[in-house]
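Dear colleague,

I am handing over the structure below, together with some notes on what was found in it. Please read the notes with the structure open beside them.

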Amino acid sequence: MNLKRTQWQQLIAVAGSAICLLQQPAQAADKCDVTVDATDQMTYSVKEIAVPKACKSFTINLKHTGTMSKNIMGHNLVVSKQADEQGVLQDGMKAGVANSYVKAQDARVVASTKVIGGGETSNASFAPAQLDAAGSYVFFCSFPGHASLMKGTLKLI
């Protein structure tokens, strides 16, 4: 093959781009954090969170994109098994706002953020190894009355 210098440079550039494109899905699959926006309209920006098994720790970053204060339209994000959701919500209501509507040291809670208001952020981290691959997990806002609209599924991938 008798290629000119500029043709070789173009070929190398194309090959390099192809390698980068092939690597992107692998990098995305190993992403060990997610950002979830919460709004004044009682919505989350995502309905599903995928947690890679390969991560040693996974972080959920919650961002309240609204403007209302946490005592009026506060949000948090709680992860539990789907079967435990109602119990976590009931006990969270008893725990009150001072505990971000999560019972202290509740073994059913995989992770939870604090309750935040407009413009605030909070995060929670957990080890994916503690999840059961066959289990069914959910995330929800435990602020009273919000879980009916603010919820989604969490899957181990």
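Directly after helix H3 comes Gly96, whose phi is positive, near 80°. Please bear in mind throughout that this is a predicted model. The helix itself, H3, has as its buried residues Glu85, Gly87, Val88, Leu89, Asp91, Gly92 and Ala95, and these buried residues pack against strand E4 (78–81) and also against E5, E7 and E8.

Positive phi values also turn up in residues other than glycine. Tyr101, which has its place in the loop between H3 and E5, has a phi near 55°, a positive value in a residue that is not glycine. Gln105 is likewise found in the loop between H3 and E5, and its phi, near 50°, is again positive although the residue is not a glycine. As to how far these residues are covered, Tyr101 is buried, with a relative accessible area of 12%, whereas Gln105, at 83% relative accessibility, counts as exposed.

The next topic is the aromatic rings, for which the count comes to 3 aromatic pairs. One of them is formed by Tyr44 and Phe139, a tilted pair with 5.5 Å from centre to centre and 50° between the planes. This pair links distant parts of the chain, since Tyr44 sits in the loop between strand E1 (33–38) and strand E2 (48–51) while Phe139 belongs to strand E7 (residues 137–140), 95 residues apart. Both Tyr44 and Phe139 are buried.

Tyr101 lies in the loop between helix H3 (85–95) and strand E5 (109–112), and Phe143 in the loop between E7 and strand E8 (151–156), so the pair ties together parts that are 42 residues apart in sequence. Phe143 is buried, with a relative accessible area of 9%.

What is the strand order in the open sheet of 3 strands? The order is E1-E3-E6, and the pairing is mixed. E1 and strand E6 (121–126) stand at the edges, and because each of them has a single partner strand, one side of each is left without a neighbour in the sheet. Neighbouring strands of this sheet are turned by 20° against each other on average, direction ignored. Within the sheet, E1 pairs with strand E3 (residues 58–64) in the parallel sense over 6 bridges, and the bridge partner of Asp33 in E3 is Thr59.

Finally, there is the nonpolar interior. In soluble globular proteins, nonpolar side chains tend to be buried together. Here the largest nonpolar core has 27 residues, and those with the most contacts inside it are Val36, Tyr44, Ile49, Ile60, Leu77, Phe126 and Leu154. At least two residues of this core are supplied by each of E1, E2, E3, E5, E6 and E7.

With kind regards

How values were computed. Residues numbered from 1 in each chain as written. Predicted model: local features only at pLDDT ≥ 70, side-chain atom pairs only at ≥ 80, totals over all residues. Heavy atoms only, no water. Phe/Tyr/Trp six-rings, centres within 6.5 Å; stacked < 30°, edge-to-face > 60°. Helix = DSSP H or I, 4+ residues; strand = E, 2+ residues; numbered from the N terminus. Buried < 20%, exposed > 50% of the residue type's maximum accessible area, 1.4 Å probe, protein only. Pairing = 2+ DSSP bridges. Axes fitted to C-alpha atoms, helices over the stretch in contact; angles between N-to-C directions. Contact = heavy atoms within 4.5 Å. Core = buried A, V, L, I, M, F, W, Y, C linked by side-chain atoms within 4.5 Å.
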